[in-house]
Amino acid sequence: MNGLQATLKETWHFYKGTLNLVVKGSKAYYAWCFFLLAVIAVGFIFYLKQHDVGLIETNLTNEVSWGLYIANFTYLVGMAAAAVLLVVPAYVYHFKPIKEIVVLGELFAASSIVMAILFVMVDLGRLDRFWHMIPLIGSMNFPQSLLAWDVLVLNGYFFLNLFIPVYLLVKFYYHKEPNWKFILPFILLSVPWAVGIHTVTAFLYNGLAARPFWNSSILAPRFLASAFCSGPAIIILIFQIIRKVSDLKLEDEALFKIAELIAYAMFLNLFLLASELFKEYYSHTVHIESFKYLFQGLHGHNQLVPWIWSAMAMNVTAFFIFLIPYTRKRFSTLNLGCLMIIVGVWIEKGPGLIIPGFVPDPLGEIYDYMPNLLELMVSFGIWATGLLVFTLLMKVAIPIQTGKFTHVGYVERTYRLEEEQQAWKQSSSPKF
Amino acid sequence: MGNQRFTRREFIRNASLTALAGLSIPLLSSCSKEEAEDFLQKRFKEMTAEDKKRVIAKLEQRYFQKYGKKFEISTKEAIPDTLWGYGLDLSRCIGCRRCVYACVKENNNSRYKHQLQWIRVLQLKRGNMINLENAEHYYNTPLVPEKGFVYLPVQCQHCQDPPCVKVCPVHATWQEPDGIVVVDYNWCIGCRYCIAACPYKGRVFNWAEPNIPKEEINPSVHYLGNRPRMKCAVDKCTFCIQRVRVGRYPACVEACPTGTRKFGNLLDPKSEIRYIIDNMRVFRFKEDLNTEPKFYYFFEA
């Protein structure tokens, strides 16, 4: 009876505390949240129209049947890779500065997956039949369909990236040393799993012999390389913001380390692209058409050309910014490089990957696809949803990490928290 | 240790409470009985005879209300020992597109804005066949055939190893025992992965609610074939499943004024299609992709 009472009291404390954290904030916090909510509302209204009338409300056709939604989906699956970059050094090598931010990185990955799944859902013509894809309840074509694989690995990754940080946060909340024997296998599993979600998403396109632009074995490695650029680039920016608006301490060194990793990934990305371009342009078979459409225009259809060349320029510039220690370790150039990579990779791995796959179509038809207002608004709405989810998660997770929000039993002993956390952090290495 | 387990249990309890609250929201939004029935309708292949009867009755009533005609919805199964094959004589095709329009009419295709067509006739400059980059899809000349051009009609090739079936995440499309690749329009989730996978552009999507003029509706339909479809599901050529399973030719074969189009049972050594394969110069479109199409292009002379 006593135990139940204590549990109820604690549950109440937890929810009240969470609500308090989420509802109360600075003016900037309110402005940010209401801005996101407004964008979500607009996106939702546009989506309702699409749901009501059908996908005819988009600019998609039988020629280019996937567009902005699937482009964003592909990019965001890449984003979720960021977690793996933080997990590897943080947990396996006990790299100290990164360890402090790894929980937040994984929550970021989880938010990215939320967006990726939402983009697939708005792209579905029949959202009402979504349950047909659920294993056991519906009729999933596993292991034949790569889309079925994608559903499984994405949800698995989503689970891992929620479970690990939530477990760690609960431990922090109770001021306990995490049971490393229990959680470490999950952490280690998340590393190959992150590689897995990218590979499976690449295979989704890669396996289609009907689309020569995607049907190249270099596609999955290219996916991974570009994902290891854009995800960490966003994380560098986000952590600077978090550092400013909360009292979580993040060392510059951690950000510079991530930036260095981006430089290697970008080199690999550019190298793989060059390999592919060489093969296509030198052998010059009929399969070159899609590349021509993307890079130089095909029969006067050249609307993607300025996009891809600005992406190339941004990626190359960012590569040099991150390569040279002087520009890497100055925040003005570092942030510029991050922005360039975020946009550059989005163009390259989003629209630059999806649209040319459909142009020219298997019967040689060229259809110039550009997303319309509805597709843009729905997409903004989903991005805003992801950012809101991440903001709220951070709003609760950071106070737990810093020891500000804690189990009811510790409230009276708050004055000791700072010391305890300090002591935990300084303990040479986690025991596992 | 005991204390630690307690906290975990506590945490799980907290989490499940949150989940319960979240799950109750969709349950609260109620819907009518008919909507619920549609929502829960099984995949055609998993329906019992009883299920099928009920669904057919419901559809017949619904179509009557919408189009004012009494529909005959068949669920006739494949005839044993048949594997349908198609022949197309490229030396005869004049590019008149009569097959295209006969197909649209027979199969109750949507006429939204422009028609949703299952057959596409490409106009190619003489000397070009494999590289379709210069193919003209929307040729609009007062007279066909135009000098200096050949015509290549393309539709679903009913591959024996169909990539569209392989990629469908929900088994909404499959190959029937007589070789016809069909779609359960009520099971398709509209992801369009099959459209991306098809090398022949054999599949089209209903981007909006299909619109068919009442006076042009064809009430003699098959469940897996030409019954009126719904928005945001995929559809495709079925070799006129509603016709061929009762011994008739597909509509495109009947409509062709030049005898370009041939149809028959590949398992019957005396069929016309077997004669063509044995005696004509036959090729299959994009044979290098190894999808084993059952659609044979040929030249007579």
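B:Ser220 counts as partly exposed, because 14 C-beta neighbours lie inside 10 Å; a residue is buried if 20 or more other C-beta atoms lie within 10 Å of its own, exposed if 12 or fewer, and partly exposed in between, with C-beta atoms placed from the backbone. This is a predicted model, in which local features need pLDDT of at least 70 and side-chain atom pairs count only at pLDDT 80 or more, while totals for chains, interfaces and linings use all residues. Residues are numbered from 1 along each chain as its sequence is written, and chains are lettered from A and ligands numbered from 1 in the order in which they are written.

**Two positions in chain B**

B:Ser220 belongs to strand 8 (residues 220-222) of chain B; helices (H or I, at least four residues) and strands (E, at least two) are DSSP runs, numbered from the N terminus. Not counting residues up to four places away in sequence, B:Ser220 touches B:Glu72 and B:Gln242; two residues are in contact if their C-beta atoms, placed from the backbone, lie within 7 Å. B:Val183, in strand 6 (residues 181-183) of chain B, is buried, with 24 other C-beta atoms within 10 Å. Leaving aside neighbours within four places in sequence, the contacts of B:Val183 are B:Ala172, B:Thr173, B:Cys188, B:Val234, B:Asp235 and B:Lys236.

The table gives a C-alpha separation for each of these two positions.

| Residue pair | Distance along the chain | C-alpha separation |
|---|---|---|
| B:Val183 and B:Phe44 | 139 residues | 9.5 Å |
| B:Ser220 and B:Cys188 | 32 residues | 23 Å |

Chain B contains nine helices and twelve strands. Of its 301 residues, 41% are buried. Among contacts in chain B with a separation of 6 or more, 65% join residues 24 or more positions apart.

Four strands of chain B form an open sheet in the order 10-2-12-11, with mixed pairing. Strand 10 and strand 11 (281-283) of chain B stand at the edges, each with a single partner strand, so one side of each has no neighbour in the sheet. From one strand to the next, the twist averages 30°.

Strand 2 (residues 84-89) of chain B is mostly covered, with five of its six residues buried. Strand 2 of chain B pairs with strand 10 (residues 261-265) of chain B in the antiparallel sense over five bridges; two strands pair if DSSP finds at least two bridges between them. In this pairing, B:Trp84 has B:Asn265 as its bridge partner, and B:Tyr86 stands opposite B:Phe263. Strand 2 of chain B also pairs with strand 12 (residues 295-299) of chain B, in the parallel sense and over four bridges. There, B:Leu88 stands opposite B:Tyr297.

Helix 9 (residues 272-279) of chain B lies across strand 2, strand 10, strand 11 and strand 12 of chain B, and runs at about 110° to strand 10 of chain B. Axes are lines fitted to C-alpha atoms, for helices over the stretch in contact, and angles run from 0 to 180 degrees between N-to-C directions.

**Helix 15 of chain A**

Helix 15 (residues 351-358) of chain A is mostly covered, as eight of its eight residues are buried. What covers these residues includes helix 3 (68-79), helix 8 (180-206), helix 11 (289-295), helix 12 (305-323) and helix 14 (331-349) of chain A.

Helix 3 of chain A packs against helix 15 of chain A at an angle of about 135°, with their axes 8 Å apart. The two helices are therefore oblique to each other; angles under 35 degrees count as roughly parallel, over 145 as roughly antiparallel, 65 to 115 as roughly perpendicular and the rest as oblique. In this packing, A:Leu68, A:Ile70, A:Ala71 and A:Thr74 of helix 3 meet A:Pro351, A:Leu353 and A:Ile354 of helix 15. By class, this contact has six nonpolar, one polar and no charged residues; Ala, Val, Leu, Ile, Met, Phe, Trp, Tyr, Cys and Pro count as nonpolar, Asp, Glu, Lys and Arg as charged, and the others, Gly among them, as polar.

**The contact between the chains**

The contact takes 45 residues from chain B and 43 residues from chain A. On the side of chain B that touches chain A, the elements giving two or more residues are helix 1 (2-28), strand 3 (120-125), helix 5 (163-167), helix 6 (193-197) and strand 7 (203-205) of chain B. Helix 1 of chain B provides the largest share of that side, five residues. By class, the side of chain B that touches chain A has 29 nonpolar, seven polar and nine charged residues.
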